[in-house]
Amino acid sequence: MDALVEVSGLTKRYGDTLAVDGVDLRVLPGEVYGFLGPNGAGKTTTLRILTGLIAPTSGRVRVLGGTPGRPDVLGKTGSMIESPAFYPYLSGLDNLRLLAEYAEVPRHRVDEVLDLVDLRERSRDRFSAYSLGMKQRLGVAAALLKDPELVILDEPTNGLDPAGMRDMRRLIRELGSDGRTVLLSSHLLGEVQQICDRVGIIDAGRMVAEHHVEDLRGEQELLIRAAPRESAHSVLSGLLGADAVHRYDDMLRVQVDPARAADLNRALVEAGIAVSELHTSERALEDVFFQLTTTGAKSDVG
Ligand SMILES: Nc1ncnc2c1ncn2[C@@H]1O[C@H](COP(=O)(O)OP(=O)(O)OP(=O)(O)O)[C@@H](O)[C@H]1O
């Protein structure tokens with residue numbers, strides 16, 4: 001499958017600062033890709049390069065098969081990088097109409113995008129009266145005017161209250177399920193976990209991982225509290241192999257398909273072991289993230 005965004009060895013230097021350091025990135029058609037990293041990791045710089053706002057220092061960058069910033073590529077890309085700029089005294093509707101005129105987009109498209117971002121009812125209010133969440137949604141509406149194949153959003157939920165974040169997450173998921181390709185940046189792990197199909201993790205300008213969200217989270221495990229614990233350990237090791245059973249605080253952590261929970265419970269009880277707790281546990285993306293970025297920092301920054 002041809003990638004819509006293809007980046008290899010991307011580097012951007014500002015004086016002594018290496019903001020982006022050899023980044024490789026591929027975004028496939030129809031996916032919602034999360035570009036995840038702490039503040040200052042190089043996300044905005046990368047997205048600015050992908051939208052043609054700044055030039056890379058070195059590396060290869062292809063967006064929709066072309067060079068970022070070229071008219072044919074711009075025509076098929078919609079983006080919101082940093083806070084969207086609108087005229088404060090104009091309504092959301094008039095701001096979009098102006099943009100539609102510049103972009104030579106038919107007027108009826110303005111109503112369509114207002115519906116998409118759920119701003120139709122408030123579209124005649126002045127932009128300055130909008131909540132931050134509404135301002136961000138208007139920014140997404142502007143990005144959608146050209147009915148783009150690829151939507152690039154820089155920290156779309158930044159600064160929003162919980163309701164605003166929820167609306168924005170829903171909107172992005174809708175864009176993704178409509179067959180559009182979305183590339184978004186975020187420093188929020190839970191958010192990426194909820195919205196994205198794949199995630200690339202960037203830290204100090206370098207990609208430390210690129211994975212499906214599911215794979216990154218790792219296998220599911222069962223946590224079992226049983227007494228006596230050592231007897232439970234030997235029963236489970238006998239059934240599943242010693243590698244699958246680990247002591248964890250005063251419990252056992254068992255790498256096994258959670259569908260086998262009832263079997264294992266029965267085996268323990270039949271061996272005279274009391275099971276007081278048995279539940280599945282998923283490695284949170286957060287654990288994985290910290291593991292990856294700490295390892296990266298140790299080996300790369302030295
Ligand atoms: N125009 C610039 N001039 C000099 N340094 C810059 C410039 N833009 C970014 N940087 C530096 O490059 C590094 C990466 O910044 P960038 O904004 O890309 O990170 P980020 O991951 O988007 O973080 P944030 O979420 O805080 O914006 C930082 O050290 C930043 O200070």
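A residue counts as buried if 20 or more other C-beta atoms lie within 10 Å of its own, as exposed if 12 or fewer do, and as partly exposed in between, with C-beta atoms placed from the backbone. The structure here is a predicted model, where local features need pLDDT of at least 70, side-chain atom pairs count only at pLDDT 80 or more, and totals for chains, interfaces and linings use all residues. Residues are numbered from 1 along each chain as its sequence is written.

Take aspartate 147 to start with: it has 13 other C-beta atoms within 10 Å, so it is partly exposed. Its phi is near 50 degrees, a positive value in a residue other than glycine. Leucine 64 also has a phi near 50 degrees, again positive and again not in a glycine. Leucine 64, though, is buried, because it has 23 C-beta neighbours inside 10 Å.

Now for the inside. In soluble globular proteins, nonpolar side chains tend to be buried together. A nonpolar core is a set of buried Ala, Val, Leu, Ile, Met, Phe, Trp, Tyr and Cys residues joined through C-beta atoms within 7 Å. The largest one has 59 residues, and Ala141, Val182 and Leu183 have the most contacts inside it. A second, separate core has 13 residues, among them Leu222 and Leu268. Back at valine 182, its contacts (C-beta atoms, placed from the backbone, within 7 Å) include Val32, Tyr33 and Ile172, leaving aside neighbours within four places in sequence.

Finally, there is a cis peptide bond, running from alanine 227 to proline 228, with omega near -5 degrees.

Conventions. Two residues are in contact if their C-beta atoms, placed from the backbone, lie within 7 Å.
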